[in-house]
Amino acid sequence: MKLLKFQASWCQPCKMLTATLKDLELPFDVTEIDIDEDMDTAMKYGVRGVPTLILLNDDNETIVTHVGSITKDQFVKKFIY
């Protein structure tokens, strides 16, 4: 599994999310994608706002999606279950 984290350098909630994820031991890799630098990937996954988190399984199928800020507890419940 891997987590795609869509973000932008100008996005304050994205910066807060980075700090939230930094404190967690995640059981999957995180790929950070700047939507201003990689619009094609953002369009491929239908990203319309940042931050957007998309958890993919080993077959690159979407398991969980979240748009907007999220607390550490909410993230754990939603993505790590």
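I looked up F6 and found its bridge partner in β2, I33. The model is predicted; local features need pLDDT of at least 70, side-chain atom pairs count only at pLDDT 80 or more, and totals for chains, interfaces and linings use all residues. Residues are numbered from 1 along each chain as its sequence is written, and side-chain values use heavy atoms, with hydrogens and water left out.

**Strands.** I took helices (H or I, at least four residues) and strands (E, at least two) as DSSP runs, numbered from the N terminus. Strands count as paired if DSSP finds at least two bridges between them. I found β1 parallel to β2 (residues 29–34), over six bridges. β1 and β3 (residues 52–56) run antiparallel, joined by five bridges. There, K2 stands opposite L56.

**Burial.** I used under 20% relative accessible area for buried, over 50% for exposed, and partly exposed in between (1.4 Å probe, protein chains only). Five of the six residues of β1 (residues 2–7) are buried, so this strand is largely enclosed by the rest of the structure.

**Salt bridges.** My criterion was a side-chain nitrogen of Lys or Arg within 4 Å of a carboxyl oxygen of Asp or Glu. I searched the whole structure and got two. K5 meets E32 at 3.7 Å, N to O. K5 lies in β1 and E32 in β2, so the pair ties together parts 27 residues apart in sequence. K5 is buried at 0%; E32 is partly exposed at 47%. D23 meets K72 at 3.8 Å, N to O. This pair links the loop between α1 and β2 to helix α3 (residues 72–80), 49 residues apart. D23 is exposed at 57%, and K72 is partly exposed at 36%.
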